[in-house]
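I opened this notebook to keep track of what I looked up.

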Amino acid sequence: MESTTGPGRDSAVAQRLSVDPDTVERDLIKLVLTIVELLRQLMERTAVHRVDQADLDADEEERIGMTLMILHERMEELCERYGLSMDDLNLDLGPLGSLLPRDSLGR
């Protein structure tokens, strides 16, 4: 029976755990922006549903629309600042597909 520990195994684990501070920061920012983008898209869908149901008056529709546009612009600015694209925020969930709908990214 082969040992699961040893010099070869230890160096492989060390390589996987070896992280560069710049990479950690970028990955953390990517994760945070992904969560914010997911929430932004959920808010947008909820707003569209409320508009379709005539649940908002004209002022509320305008305010929500402007807020969502501004949030989308800020997301693009933050992505640009950290060298990410909106597509970078879409996590691959394996057999479940992608986290975010592909058609809603990068408009």
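The entries below go from the whole chain to single residues.

**Entry 1. The whole chain.**
I noted before anything else that this is a predicted model. I looked up the secondary structure and found three helices and zero strands. Read along the sequence, the pattern is α-α-α. I then looked up burial: of the 107 residues in the chain, 19% are buried. The chain exposes about 8,100 Å², and carbon and sulfur atoms supply 56% of that area. I also looked at how far apart in sequence the contacting residues are. Among contacts between residues at least 6 apart, 60% join residues at least 24 apart.

**Entry 2. The core.**
Which residues make up the largest nonpolar core? I found seven: Ile29, Leu33, Met75, Cys79, Leu84, Met86 and Leu89. Helix H2 (21-52) and helix H3 (58-81) are the elements that give two or more residues to this core. I picked Leu33 and listed its contacts, leaving aside neighbours within four places in sequence. Leu33 is in contact with Met75, Leu78, Cys79, Leu84 and Leu89.

**Entry 3. Helix H3.**
I checked the length of H3 against expectation. At 1.5 Å a residue, its 24 residues should span 34 Å. The end C-alpha atoms of H3 are 35 Å apart, so the two figures agree. Next I asked which residues of H3 are buried. They are Leu68, His72, Met75 and Cys79. The buried residues of H3 pack against H2.

**Entry 4. Helix H2, Gln41 and Ile35.**
I looked up two residues placed in helix H2, Gln41 and Ile35. Is Gln41 buried or exposed? Gln41 has 3% relative accessibility, and because the cut-off for buried is under 20%, Gln41 counts as buried.
Ile35 has 45% relative accessibility and counts as partly exposed. Ile35 belongs to a nonpolar patch on the surface.

**Entry 5. Salt bridges.**
How many salt bridges does a search of the whole structure find? The search finds four.
I began with Glu44 and Arg40, which form a salt bridge with the closest N and O atoms 3.0 Å apart. Both lie in helix H2, and because they are four residues apart they are separated by about one helical turn. Arg40 is buried, at a relative accessible area of 1%, whereas Glu44 is partly exposed at 22%. Glu37 comes in here too: Glu37, Arg40 and Glu44 are linked in a network of salt bridges.
I then turned to Glu77 and Arg74, whose side chains meet in a salt bridge at 3.7 Å, N to O. Both lie in helix H3, three residues apart, which is about one turn of the helix. Glu77 is partly exposed, with a relative accessible area of 46%. Arg74 is also partly exposed, at 41%.
Asp55 and Arg50 form another salt bridge, the closest N and O atoms being 3.1 Å apart. Asp55 is partly exposed at 46%, and Arg50 is partly exposed at 31%.

**Entry 6. Ala54.**
Where does Ala54 lie? Ala54 is in the loop between H2 and H3. Its phi is near 55°, a positive value in a residue other than glycine. The relative accessible area of Ala54 is 65%, and because the cut-off for exposed is over 50%, Ala54 counts as exposed.

Conventions. Residues are numbered from 1 along each chain as its sequence is written. This is a predicted model: local features need pLDDT of at least 70, side-chain atom pairs count only at pLDDT 80 or more; totals for chains, interfaces and linings use all residues. Side-chain values use heavy atoms; hydrogens and water are left out. A nonpolar core is a set of buried Ala, Val, Leu, Ile, Met, Phe, Trp, Tyr and Cys residues joined through side-chain atoms within 4.5 Å. Buried means under 20% relative accessible area, exposed over 50%, partly exposed in between (1.4 Å probe, protein chains only). Contact means heavy atoms within 4.5 Å. Patches are made of residues with over 30% relative accessible area and no salt bridge: like charges are joined within 9 Å, nonpolar side chains (Val, Leu, Ile, Met, Phe, Trp, Tyr) within 5 Å. Accessible areas come from the Shrake-Rupley method with a 1.4 Å probe; for residues, only the protein chains shown count as cover. The expected span of a helix is 1.5 Å times one less than its number of residues.
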